[in-house]
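Good morning, colleagues. Please look at the sequence and the structure on the screen while I take you through them.

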Amino acid sequence: MRVTTHKQDVLVWDMPVRVFHWLLVISFAGAWLTAESEAQQMLHYAFGYSACALVLFRLVWGVMGTRYARFTQFIKGPNNTWHHIKLLLTSKGSLRFGSNLGHNPAGALAMISLMVLVMLIGISGYWIVKDFYGDFMSEAHETIANITLGVVIIHVLAAVIMSFMQKENLVKAMVTGKKQGTPSQAIRGPLNLVGILLILAWAYLMFLFYTGAMASLTQ
Ligand code: HEM
Ligand code: HEM
């Protein structure tokens, strides 16, 4: 049997990972844009809570999802992460961590921090609504949101810089799901149905929060 090593477009991000990412971007941006307006308060809660729901989904998908979606693929421990960051800072030209097409350890660190931060914003938001620790909670909520925005900016810059270093458009890969690799590196399938169900579930949750049907979380 001939094993081909010729590089071609192979699928690495399944549909649920891509849908998760871009819905998270929409939810985070939506929560920002509605943060200061009292008239859009319900929309703010809806975007904020649905961002948290997406993160919860991603936790499950990190165990059940396809090859590169799994946490065991890219969470390699502090030593490995540090080694990789040092390598990034010192080496020139294109580099990829081993033959792995998924997240590199530095990217994984950004991903985990963003998911934890989004959950913390959601929990502090819930506590504001429940009038828990008054002004302090409002301050905490806003501060965590600002820190998250900072990490998002670093994350986007890193994605662009890494794209140049690896000579591969990583943002496009998060849209199409494809990167350059060998057929043996591809995932088992796009799992489009799970992605479509995720979009529907997100839209339904947005509707429930917006209309006040989840009163225990919004008042
Ligand atoms: C327009 C802005 C954004 C762009 C262009 C962008 C780009 C990307 C890219 C290219 C990756 C894949 C990195 C890799 O190949 O290892 C990624 C992953 C990720 N990004 Fe973003 N991102 C954006 C905004 C955000 C925001 C606002 C959040 C969260 C608040 C976020 C959270 C994440 C997470 C959690 C992952 C990991 C995806 C997964 O494995 O499920 N991103 N992003
Ligand atoms: C990704 C999600 C979220 C982001 C980025 C975000 C961001 C913000 C920001 C920046 C503010 C301050 C606005 C100002 O300048 O006054 C704010 C206010 C607020 N947020 Fe969020 N938020 C999110 C999710 C939530 C959630 C899930 C809730 C819970 C229901 C919530 C409830 C509130 C409330 C009640 C305020 C007003 C605080 C006050 O009394 O000043 N937020 N949010």
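I begin with M137, which lies in helix α6 of this predicted model. M137 is partly exposed, because 19 other C-beta atoms lie within 10 Å, and a residue needs 20 or more to be buried. Setting aside neighbours within four places in sequence, the contacts of M137 are S124, W127, I128 and F132. The C-alpha atoms of M137 and I123 are separated by 10.0 Å, and these residues are 14 apart along the chain.

F136 also lies in helix α6. Is F136 buried or exposed? F136 is exposed, because 12 other C-beta atoms lie within 10 Å, and 12 or fewer is the cut-off for that class. From F136 to N79 there are 57 residues in sequence and 36 Å in space, C-alpha to C-alpha.

Let me turn to the packing of this helix. Helix α6, residues 134-166, packs with helix α5, residues 105-129, at an angle of about 160°, and the two axes are 9 Å apart. That angle makes α5 roughly antiparallel to α6, since the class takes in angles over 145 degrees. The crossing of α5 and α6 is left-handed. On the α5 side, the contact includes A110, S113, L114, L117, V118 and L120, together with I121, S124, G125, W127 and I128. On the α6 side, M137 takes part, and among the others are S138, A140, H141, I144, A145, T148, V151 and H155.

Helix α4, residues 78-90, packs with α5 at an angle of about 120°, with axes 8 Å apart. Here N80, T81, H84, I85 and L88 of α4 meet P105, A106 and L109 of α5. This contact of α4 with α5 comprises five nonpolar and three polar residues, and again no charged ones.

Helix α1, residues 15-33, has 19 residues, which at 1.5 Å a residue should span 27 Å; the end C-alpha atoms of α1 are 27 Å apart, so the two values agree. The buried residues of α1 are M15, P16, V17, V19, F20, L23, L24, S27, F28 and A31. They pack against α2, residues 41-64, and α8, residues 192-210.

For α2, the 24 residues should span 34 Å at 1.5 Å a residue, and the end C-alpha atoms lie 35 Å apart, which agrees. Buried residues of α2 include H44, Y45, F47, Y49, C52, L54, R58 and W61.

I close with the protein as a whole. Its secondary structure comes to nine helices and two strands, and the elements run β-α-α-α-α-α-α-α-β-α-α from the N terminus. Along the principal axes, the C-alpha atoms fill a box of roughly 65 × 40 × 25 Å. Of the 219 residues, 26% are buried. Among contacts between residues at least 6 apart in sequence, 73% join residues at least 24 apart.

Notes: Residues numbered from 1 in each chain as written. Chains lettered and ligands numbered in written order. Predicted model: local features only at pLDDT ≥ 70, side-chain atom pairs only at ≥ 80, totals over all residues. Axes fitted to C-alpha atoms, helices over the stretch in contact; angles between N-to-C directions. Helix = DSSP H or I, 4+ residues; strand = E, 2+ residues; numbered from the N terminus. Parallel < 35°, antiparallel > 145°, perpendicular 65-115°, else oblique. Left-handed = near helix turned anticlockwise from the far one by under 90°. Contact = placed C-beta atoms within 7 Å. Expected span 1.5 Å × (residues − 1). Nonpolar A, V, L, I, M, F, W, Y, C, P; charged D, E, K, R; others polar.
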